[in-house]
Amino acid sequence: MKLTDKQMLDHWRESRGFVSAHSGCSMELFDYTDLKQRLNVEMRQWYLHLLDHGDLRYIVLHDVAERLTLTGGLGGIWHARLPVDVRRLVSLTVSGAEVPVTVASAGSDVRRDTLNRNRFARSGRHRPTAFVNDDGTLTLFCRDAVTKPVILSAMAVVDPGDETYELDESALKLLYDIPRL
């Protein structure tokens, strides 16, 4: 489901208790605070947190494979820059690999990171691994690939922009689990 900023704000207001049976009037200022602006900021922060950390069943995934270009390849180490709107890379499939690539954030799998530093122990096409670095780059380890791997699929959580909210309809119930103001 895709919601505009206004549609999401309507859901947000209802979940926060700002909509009542007598909603014929509009309340914009409360104690010199722009309530709509405050709710918009709160709502956007909640949504970004959902994209970054939320259960994937509530999030719409996009295939960004066509937007990734692998470079390098020396010793089976490939690099790609993630598009700026990608919040999380969830899965990656490359040609020549026997299984989908294991994707982790940098520093989350110390053992595999240590093994990948050794050219003989580095992940190969039988079980490739990839790390998403803090600088928005992807490092793919696939040492015995004969040619540059082709990215077949790269499923990611993507931020659709400031005024659009894209989520599974069931995620709206999460709005009611947030403590009210």
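1. Strand β5 (residues 71-72) and β6 run antiparallel and are joined by two bridges; strands count as paired if DSSP finds at least two bridges between them. T71 has H79 of β6 as its bridge partner. Four residues lie between the strands of this hairpin, where G73 adopts a positive phi near 115°. Helices (H or I, at least four residues) and strands (E, at least two) are DSSP runs, numbered from the N terminus.

2. The model is predicted: local features need pLDDT of at least 70 and side-chain atom pairs count only at pLDDT 80 or more, while totals for chains, interfaces and linings use all residues. Residues are numbered from 1 along each chain as its sequence is written, and side-chain values use heavy atoms, with hydrogens and water left out.

3. β6 (residues 77-81) also pairs with strand β10 (residues 137-141), in the antiparallel sense, over five bridges. W78 has L140 of β10 as its bridge partner. W78 and A80 form the covered face of β6, whereas I77, H79 and R81 form the uncovered one.

4. In helix α1 (residues 5-15), M8, L9, W12, R13 and S15 are buried (under 20% relative accessible area, 1.4 Å probe, protein chains only). These residues cover an arc of only 160° around the axis (from the directions of the C-beta atoms), which puts them on the same side of α1. They pack against β1 (2-4), α2 (35-53) and β12 (164-166), with contact meaning heavy atoms within 4.5 Å.

5. Mean pLDDT (the predictor's confidence in each residue, from 0 to 100) is 87 for the protein, and 90% of the residues score at least 70. Confidence is lowest in strand β2 (residues 29-30), at a mean of 52, and highest in strand β4 (residues 61-63), at 97.

Conventions:
Buried < 20%, exposed > 50% of the residue type's maximum accessible area, 1.4 Å probe, protein only.
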